[in-house]
Amino acid sequence: MLNQSIEHTNNQLKSVADKLNNNFDIGVIVFLLVKSRWFIVLSFILSFGLAFLYLRYSQTVYESRAVVQIYDQNKANEILQLNQINSNDNVLAEAIEQIRSKVFLKRVVEKLDIVTSYYNQGIFKNYELYNGSSFQVKVNVKNHALYGKKIYIRFNSNLKSGTLELEKGGAVFHFQTGSWLKNSDFDINVFLNPGQSNEVIRENINSNNEMFFVVSSVDAVTADLQSKIEVRLLNEYARTLLIKVKDVNSFKTTDLVNAITEEFLIYDVERKSESSRNILKFIDGQLDNVYNDLKSSESDLQRFKKEKNMTGKEDALMASKMMRYSNLEDQMLKVEMEEKIIGEIQTSIAKNKNIDIYQLISLMNGTEYENLIKDITGAIQKLLVEKENLLYAVTPNSENIKQINYQIENQKKLLIESLDAVRLKYKTQYRNLLEKASQYKVSGGQTPEDEVEFSRLNRLYTISEKYYTMLLEKKTEFSISKAGFVSQNIILERALGNGAILSPSKKNAILIAFLSAFLFSVGLVFFRYIFHDKIYSLSDITKYSSGNVALLGLVPRFDRDIPVSQLIVDKNPMSLISESFRTIRANLQFINNDPGPKVISVTSTISGEGKTFVAINIAGILAFTDKKAIIIDLDMRKPKIHKGFGVSNNKGMSTILTGTTSVDECINPSSMENLKFITAGPIPPNPSELILNKKLDDLIAYLKEHFDYVIIDNAPIGLVTDGLATIQAADYPIYVFRSGYSKRMFTQIIDRLRNENNLKNLSIILNDIDISKKVYSYNYGYGYGYGYGYGSGNGYYTDDDGKKTKLFKRKK
């Protein structure tokens, strides 16, 4: 059994490979297509039915779009040549992200006030009413758990009152139209839509089954809007952006897109002028402080002059002297600082002879005397670089390194000497400045302390005055800049009318339905073709068998119920099936035409292929020719002959072969004069041993003496080998296949019988052919000697219901 299973699997795989490679049969494809026609029709009906339901009951989504051109330029900043502190190289990318941002979209939501949504409840889907709602509400939610909940509303007949129901089966509240209803969870005011008349409102409320509204938080509506908006670059060179919004209400999509474009222009101006506003705010704050400081310093200066009795002329003279004296003090401080730096450097060198040369050079950079020692520091730097490079190749104790260290020390000494000279120069310059400063001491009633105080007060006043003047200038500049911030962006295309339907798309739904049904049909036919392993025609037998098989004939399908006797050639001799058995009778002569009685042995691969039906009717058609025929049932495991003729099975072949009864006792007559039969008899425990007994040969020899034809109905040879001996000894060994029932792998048994058992005269009968399938009938193989032998000669046969039909027309 395991070997048979493995062999069956290998045969299946080989069959699939052959079909896909070089045995692609268009006839089989057409046949399977016709055979699957009802499944294909059903798939198309289901696909288009689902498409209809999808189009009918799915939520319609609309889309509106607008086009904005981005232009970023501030003319006032160009005129004043202010720094563009808010400029951006990629203005388009910045604009896209701004429009998508929740900060901006929240402004749009608050502007349109769409936190409350109004719906009309349908059977399969809900319809958002938007501004078409007959009522509107103002809600102050106290309990955030109410966000997103359905609140059903029902009006009384007078429209002046009604009820609110939280969800289905929830709390119920009674309200008065136009009045506030307050509780611990929310405050609500329900009022009628002022844009609709009472008649229209009444009609809408009465026509709708259920109405409800949903209150959402601003953040939730903003997030929902962010998921519905699409902003993308339309044309980089034209600097245009495409803004699209999707929603279930066509009017709402239009309002959303237009609100987004208009709000973006306002938002753009506010954002760009924000820096100028902040600067002006800072300047205003500083002006107050500086003004107070200026006023205070001016008062202190005037008070000092008054106390010292300083006239205008003395004031000017002292201010001039103080300015010159202040300049000298600054120079003296600078010279003193430079001299101290040089002194510290010399002290460091003296204390630490291993001072870092790089640190020394860095200390001298930026000083006035840097140019004086520039050559020395340059030489030191060059030597240090050379030393660093040599250290990669030699050790620190090498002669080359020592020589460079010696040169660095020499340059270092030269540097110290140069610093001594520079320090001496600074000391001389300091003494000269000190002597010059002593000449500016004021004689008269002013003491040196008065001069210092006057200088301090005058300096504070001058600084405050300059700072105040500068702030006034900057305030004027940034005020002009702020006035220059006018949105340069242009709305090139606004959303007009209702939004376009985005989904469901009727065209796409029909296309998908068609493709789905088509692909299912192709897949079904392909699947059936891949696993198509049945025999339907004689060409299938010749294709899948290795040798040249003798094709004895075809037996068409009997459209009506086969009688219990299974003998039908005597019921309607002019029927198509009777003609087919006449053809088989005629073709037997081509196999063996020797005179004398003949043995016909009939078998098949498995039960159900019609071997008993074929054997009985061959015997019947032979009996029509005045030939004596007898049928013996050797299928002792599953006997059927007794059922076909309606007799008991108490005696038969099993009792004859065991010697219990004689042959003559078991011969039974039939309804036809020249047709006799022997049943199988009681089922024996050892049917194979009985068949292989020599008594069977004697029995056949005895029957050949009394009958012209001995027809043997064997057991299926594909299941048991009981009938192999009689098939080998028969004059006409016949193998029966059933169209649409027998598998292609069964043809391998024919090859084994011909090759291994030397049955060269084995012939084939294909049973139960449905010749009404004209599409596939060309494959039945009429060219193999199968022609109808019509005895009547009038060109007509009678079909099963008694009508006369032209045979040629049916064959075509």
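A residue counts as partly exposed when its relative accessible area lies between the buried limit of under 20% and the exposed limit of over 50%. The views below show a predicted model.

**View A. Arg-239, a residue with positive phi in a loop**. At a relative accessible area of 31%, Arg-239 is therefore partly exposed. The loop that holds Arg-239 runs between strand 11 (229–235) and strand 12 (240–247). Phi of Arg-239 is near 60°, although the residue is not glycine.

**View B. Tyr-130 in the loop between strand 3 (126–128) and strand 4**. Tyr-130 also has a positive phi, about 55°, without being a glycine. Its relative accessible area is 12%, so Tyr-130 is buried.

**View C. The cis peptide bond between Ser-503 and Pro-504**. Omega of this bond is about 0°. Pro-504 belongs to the loop between strand 14 (500–503) and helix 16. Most residues other than glycine have a negative phi, and most peptide bonds are trans.

**View D. A nonpolar patch on the surface**. The patch consists of Phe-48, Ile-510, Leu-511, Phe-514, Leu-515, Phe-518, Leu-519 and Val-522, which together have about 700 Å² of accessible area. Helix 16 (residues 506–530) makes the largest contribution, seven residues. Ile-510 lies in helix 16, and its relative accessibility of 37% makes Ile-510 partly exposed.

**View E. The second largest pocket**. The volume of this pocket is about 410 Å³. Its lining comprises 20 residues, and Asp-113, Ile-114, Val-115, Thr-116 and Val-137 lie nearest the centre. Strand 4 provides the largest share of the lining, six residues; strand 2 (116–121) supplies at least two. By type, the lining residues are twelve nonpolar, six polar and two charged.

Terms used: Residues numbered from 1 in each chain as written. Predicted model: local features only at pLDDT ≥ 70, side-chain atom pairs only at ≥ 80, totals over all residues. Heavy atoms only, no water. Patch = residues over 30% accessible without salt bridge, like charges linked within 9 Å, V, L, I, M, F, W, Y side chains within 5 Å. Areas by Shrake-Rupley, 256 points an atom, 1.4 Å probe, with all protein chains shown as cover. Salt bridge = Lys/Arg side-chain N within 4 Å of Asp/Glu carboxyl O. Helix = DSSP H or I, 4+ residues; strand = E, 2+ residues; numbered from the N terminus. Buried < 20%, exposed > 50% of the residue type's maximum accessible area, 1.4 Å probe, protein only. 1 Å grid on protein atoms, 1.4 Å probe; cavity = no way out; pocket = protein on both sides within 12 Å on 5 of 7 lines; lining within 4 Å. Points joined across faces, edges and corners; volume = space filled by probe spheres on them. Nonpolar A, V, L, I, M, F, W, Y, C, P; charged D, E, K, R; others polar.
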